[in-house]
Amino acid sequence: MRFKTLLIFFLALLPLSIANPLKADDGSVAAKPALYRLHLYHLHTGERIDVVYRVGDQYIPGAVAELNHFLRDHRTGDARNYDVREFDLLHDLLVKVGQPDGEIDIVCGYRTPWSNNYLRQRGHGVALHSQHMEARAIDIRVPGIPTASLRDAALSLHRGGVGYYAESAFVHVDVGPVRQW
């Protein structure tokens, strides 16, 4: 009996494509849906997250909620539901720079209006109607990738706004209108 229990346990651990291949109507084995994973490190909170947030075309609600919390305003603790296209943009950007399993350093995620105003008053060049307040923008670094290369890769995706902050060594990426600064 113990052997049977162990066998069932190990079979459950096997990848879907081996333990239970997806069969098409014609009997052929279909491709396994793509996994979309993000490895993030938040520079202000010291937190890390490694999460599969999407499988094929299906977003995983619990994983998306974890990302929303992770990207909360680090000054106030407030979180907002991110536009999931932002997560896809980060994923595709890592692929574009040749680091599909790389970790992204988060400089800034969601900002409440209060935090946005706080930064504006201190002359940080923050937009009055920032995409950060809409949970549609993230400021990032990718260790080992020069900031200018990260900017160029983001621009090549044509998926939203790209801001280049060479002196602070980060790139702003958002899913708003395509533009650059």
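Two strands are taken to pair if DSSP finds at least two bridges between them. On this basis, the predicted model contains an open sheet of eight strands, arranged in the order 3-2-1-4-5-7-6-8 with mixed pairing. Strand 3 (58–59) and strand 8 (179–180) stand at the edges; each has a single partner strand, so one side of each is left without a neighbour in the sheet. Within the sheet, strand 5 (residues 137–141) and strand 7 (residues 170–174) pair in the antiparallel sense over four bridges. Ala137 has Asp174 of strand 7 as its bridge partner.

Two helices lie across parts of this sheet. Helix 3 (residues 61–70) lies across strand 1 (35–42), strand 2 (48–55), strand 3 and strand 4 (103–108), and its direction makes an angle of about 145° with strand 2. Helix 6 (residues 147–157) lies across strand 5, strand 6 (161–165), strand 7 and strand 8, and runs at about 170° to strand 6.

Helix 5 (residues 113–121) has buried residues, namely Ser115, Asn116 and Leu119. These residues cover an arc of only 100° around the axis, which puts them on the same side of helix 5. An α-helix has 3.6 residues a turn, so residues three or four places apart point the same way. On the other side of helix 5, Pro113, Trp114 and Gln121 are exposed. Just after helix 5, Gly123 adopts a positive phi of about 70°.

Positive phi values also occur in residues other than glycine, including Ala135, with phi near 55°, and His158, with phi near 50°. Ala135 is placed in the loop between helix 5 and strand 5, whereas His158 is found in the loop between helix 6 and strand 6. The surroundings of these residues were also examined. Ala135 counts as buried because its relative accessibility is 0%, a value under the 20% limit for burial. His158, by contrast, has a relative accessible area of 59% and is therefore exposed, as this value is over the 50% limit.

The largest cavity holds about 30 Å³ of space. Its lining consists of Leu89, Ala154, Arg159, Gly160, Gly161, Val162, Val173 and Asp174. Strand 6 and strand 7 are the elements that give two or more residues to the lining of the largest cavity. Asp174, one of the lining residues, is also the bridge partner of Ala137.

Methods:
Residues are numbered from 1 along each chain as its sequence is written. This is a predicted model: local features need pLDDT of at least 70, side-chain atom pairs count only at pLDDT 80 or more; totals for chains, interfaces and linings use all residues. Side-chain values use heavy atoms; hydrogens and water are left out. Contact means heavy atoms within 4.5 Å. Axes are lines fitted to C-alpha atoms, for helices over the stretch in contact, and angles run from 0 to 180 degrees between N-to-C directions. Buried means under 20% relative accessible area, exposed over 50%, partly exposed in between (1.4 Å probe, protein chains only). The arc is that of the directions from the helix axis to the C-beta atoms. On a 1 Å grid over the protein atoms alone, a cavity is a set of points where a 1.4 Å probe fits but cannot get out, and a pocket is an open set with protein on both sides within 12 Å along at least five of seven lines; lining residues have an atom within 4 Å of a point. Grid points are joined across faces, edges and corners, and a volume is the space filled by probe spheres set on the points.
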